[in-house]
Amino acid sequence: MKPLRGIAFLLLSCVAPSAHAAPPCGASGIAVQVLGSGGPQVQGKRASSSYLVWQDGKARVLVDSGGGSALRFGESNADFTDLDVVLFTHLHVDHSADFAALVKSSYFQKRSRPLPVYGPVGNEHFPAMTAFVKALFEEPRGAYAYLSAFIDPRAESSYKLEPHDVALKPDEAQVIFASERLRVTAMQVLHAAVPALAYRIDVGGKSVVFSGDNNGDNGNLEKLAKQAHLLVAHHAAPEGASGVERRLHMPPSVIGRIAGAANVKALVLSHRMLRTLGRKAESQAAIAATYHGPVSFADDLSCFEIR
């Protein structure tokens, strides 16, 4: 028993979770901060899904912006002017509701460069990313048309949002964004009938993959996550889930199978809903059957430093 615990400690040292750690997260090197660790249920007392990728003390990537996450963004001491890109896995409300709040807040900061925003194409039930941004901000009928200067090229504003629809073939991995600092690769994932994406971010010699909401059944997540330093997987369905719950989300055994097949270095479980809270031991056991690396459970403002 003692040798096993020693090994676990060494493995866990590659990703150091520290909820409510003194900001900024990842003062040096690469880190992931969980702004929202919950799902759509406010009874879980967690902000909805949202993440920051930090590099040397600056928040460079925002992934999703669910309800409550704008407040967590402020609590993290992140600076909106540092963001290089915003990524949306899909447009369920618990992944997108606070985006307008963040854009409004940015008015009071000194951002001057454009902000690329990427998300999935639409279907008969969901808008594409470009249409979503227009529905929020475009004049005259946008929900927040008073903020149209952020997308209207004719209007004066300190910066512009640049929305992009990510159109992919079923098994295609595409680099959708690249800069001198980082590279973002996207693949389609299955979230019932909801257009959805998973993302891999390569930055500072490290790789982080965000599963988003998906059922893990199309084989793309394990391809995208191959040899990643950290996989952030959504733990919204308990083991034994069936019906619509299973069509939407990965149960722990599927998360473990994918993490094991991809040989990821560490695994973080987020998007924790009431039906999975309080079932850590059961979830860990199902994951451990096929994945033998370190597993951490996310809370709001948890900071995972990749060492």
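Colleague: How many disulfides does the structure hold?
Modeller: It holds 1 disulfide, meaning a pair of cysteine sulfur atoms within 2.5 Å. Keep in mind that this is a predicted model, where local features need pLDDT of at least 70 and side-chain atom pairs count only at pLDDT 80 or more, while totals for chains, interfaces and linings use all residues. Residues are numbered from 1 along each chain as its sequence is written, and side-chain values use heavy atoms, with hydrogens and water left out.

Colleague: Which cysteines form the disulfide?
Modeller: Cys25 and Cys303, with their sulfur atoms 1.9 Å apart. The link of Cys25 and Cys303 is right-handed, with 80° about the S-S bond.

Colleague: And what does the pair tie together?
Modeller: Cys25 is in the loop between strand 1 (15-17) and strand 2 (30-36), and Cys303 is in strand 15 (residues 303-306), so the pair ties together parts that are 278 residues apart in sequence. Strands here are DSSP runs of E with at least two residues, helices are runs of H or I with at least four, and both are numbered from the N terminus.

Colleague: Is Cys25 buried or exposed?
Modeller: Cys25 is buried, as is Cys303. Buried means under 20% relative accessible area, exposed over 50%, and partly exposed in between, using a 1.4 Å probe and protein chains only.

Colleague: New topic: where does Ser37 lie?
Modeller: In the loop between strand 2 and strand 3 (50-55). Ser37 is buried, with a relative accessible area of 0%.

Colleague: What does Ser37 touch?
Modeller: Leaving out residues up to four places away in sequence, Ser37 touches Arg46, Ala47, Ser270, His271, Arg272, Ala298, Asp299 and Asp300. Contact means heavy atoms within 4.5 Å.

Colleague: On to helix 8, which of its residues are buried?
Modeller: In helix 8 (residues 252-262), the buried ones are Pro252, Val254, Ile255, Gly256, Ile258, Ala259 and Ala262.

Colleague: What covers the buried residues of helix 8?
Modeller: The cover includes helix 6 (220-224), strand 12 (230-234), helix 7 (243-248), strand 13 (267-270) and helix 9 (280-288).

Colleague: And what happens just after helix 8?
Modeller: Asn263 takes a positive phi of about 55° there.
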